[in-house]
Every structure is written in C-alpha cells, then in structure tokens.
Amino acid sequence: MTADSTLFLRQLITNPRQVSAISPSSPWLARAMTAGLHPGIGKVVEFGPGTGRLTEAILARGVAPADLTLFEMNGDFVRHLRTRFPGVQVHHGPAQDAPDVLGEGTASKVISGLPLLSMPHVLRHAIVSAAFAVLAPDGAMVQFTYGPRPPLSPQALDQMGLHAVAGPRVWRNLPPARVFRLRHNVDRGGAQG
Ligand SMILES: C[S@@+](CC[C@H](N)C(=O)[O-])C[C@H]1O[C@@H](n2cnc3c(N)ncnc32)[C@H](O)[C@@H]1O
C-alpha cells in the first residue's frame, strides 16, 4: 500500500463523513476530471483534494502551480498537500470559503472531488454557489458522482441557472464514477472542456 493510500484509509476511518469514499480517485478518473485543462488556461480551483490524486493530474495538464488553489478541510491532508505540491496555494478550510479567499469571477475551472451526493441539499447548494461565484461567466465546474445522478437535481440546477452535461462512465475506478460538467445556461452549446 502506498503512503497516500495509508493516509487516505486513516482519514476515512477517523472522518468517514468528511471523506465519504472507499479509495482515492484512480488515474483514469483523474484524467477524465481534468480533460480540457491546458497551460495558460488561467486560475484553476480544486475542492476536496484529499491526498492529491486530482491535483497531480491538474498539474500534469500543464496548469502552473501558482495558478492552482486547493480548498481542503482536513488538517492532515492539508499538511500532506503543502509538502507534496510546493507553489500551490492550499487553503485549510471549506470550499464555501472560495469567494472570500479568491474574489468573484476569477477562475476558469473548478475541479471538485467532494462527496456532494452524500451531503445535505443545503450544503450541496452552498458549494455549487461558491464554485459559480469564483468562476468567470464561461467557466465550468467539473464534478464526479458514483451513480448515474448529477450532483444536483435538474430542477435545482435550473433554479440556479445551470445545467449539467454527463460524460461517459469511468469503469476503472472504485466504485465506477461519472464526470459531470456544470455550466451557466446562457453558455449552453458553448465551448466544451
Ligand atoms: C472523497 S474524498 C476525495 C479525495 C480526492 N479528491 C480524490 O478524488 O481522490 C473527499 C475530500 O473532500 C474533503 N472535504 C469534505 N467536505 C469538504 C468541504 N466542504 N470543503 C473542502 N473539502 C472538503 C475531505 O476532507 C476529503 O479530503
């Protein structure tokens, strides 16, 4: 077992509700979550990085460490991330802090590894609202779920002026996952990625 997996397992046992997944994302899911990122894309934000499986995939796409900000609530994960990813800003606090920390409309992508579907609706709504507060108008939030359901119901998304586009199922992940891209309705049919 790798050091990352051991840390993940320890946090899962100590904070099962916060971690809410049986293992870190696989490299296949990490690639699907970061598709479309490229050097010079601008500011990228990650919610709930855990041990950094998606973080390493974001950086591998050519995003500069200085352009990446992570929001993680778990102190042990935060210490690990700060050591592992020098130059990346790691905020020790909830994703909902993002607009206060970063300002509004500054990011091109929010990549979220949060267990949104296992959170109460009010919290889910607050997190998606925080993502769209920091995103530029044509930005997108990328979120996986472990079932066929999107991270918020189509009605809830519609009330927020958003829609979700589902990608193919990623079978090589435990459990298999699906990637959703959330965007403003006005951007429907606009650029993908
Ligand atoms: C399922 S793990 C995902 C870890 C990693 N992104 C991956 O895909 O392997 C969820 C992570 O979200 C963090 N988390 C839970 N609620 C959070 C919140 N409101 N804001 C920021 N991080 C949160 C947990 O501490 C945990 O690290």
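Predicted model: local features only at pLDDT ≥ 70, side-chain atom pairs only at ≥ 80, totals over all residues.
A polar contact is a pair of N or O atoms within 3.5 Å.

**Contacts with the ligand**

Glu72 uses its side chain: one of its polar atoms lies 2.6 Å from an oxygen atom of the ligand. Gly48 uses its backbone instead, with a polar atom 2.8 Å from a ligand nitrogen. Ala95 also uses its backbone, and there an N or O atom lies 2.9 Å from a nitrogen atom of the ligand. Here are these pairs side by side.

| Residue | Part of the residue | Ligand atom | Distance |
|---|---|---|---|
| Glu72 | side chain | oxygen | 2.6 Å |
| Gly48 | backbone | nitrogen | 2.8 Å |
| Ala95 | backbone | nitrogen | 2.9 Å |

How much of the ligand does the protein cover? On its own, the ligand has 610 Å² of accessible area, and the protein covers 97% of it.

**The shell and the pocket**

The ligand takes up the space of the largest pocket. Around the ligand stand 24 residues. Val19, Ser25, Gly48, Glu72 and Ala95 come nearest. What kinds of residue form the shell? It holds 14 nonpolar residues, eight polar ones and two charged ones. Helix 2 (16-19), helix 4 (53-60) and strand 2 (68-72) each give the shell at least two residues.

**The whole protein**

Now step back to the fold. The protein has eight helices and seven strands. Its radius of gyration is 15 Å, close to the 16 Å that the globule rule gives for 193 residues, so the protein is as compact as a globular protein of that length. Along the principal axes, the C-alpha atoms fill a box of roughly 45 × 35 × 30 Å.

**A cis peptide bond**

One more detail sits in a loop. Pro175 lies between strand 6 (162-170) and strand 7 (177-184). The peptide bond that joins Leu174 and Pro175 is cis, with omega about -10 degrees.

Definitions and conventions. Residues numbered from 1 in each chain as written. Heavy atoms only, no water. Near = heavy atom within 4 Å. Polar contact = N/O pair within 3.5 Å; in protein donor to acceptor, adjacent residues only side chain to side chain. Areas by Shrake-Rupley, 256 points an atom, 1.4 Å probe, with all protein chains shown as cover. 1 Å grid on protein atoms, 1.4 Å probe; cavity = no way out; pocket = protein on both sides within 12 Å on 5 of 7 lines; lining within 4 Å. Sits in = over half its atoms within 2 Å of the grid points. Helix = DSSP H or I, 4+ residues; strand = E, 2+ residues; numbered from the N terminus. Nonpolar A, V, L, I, M, F, W, Y, C, P; charged D, E, K, R; others polar. Rg over C-alpha atoms; globule rule 2.2 N^0.38 Å.
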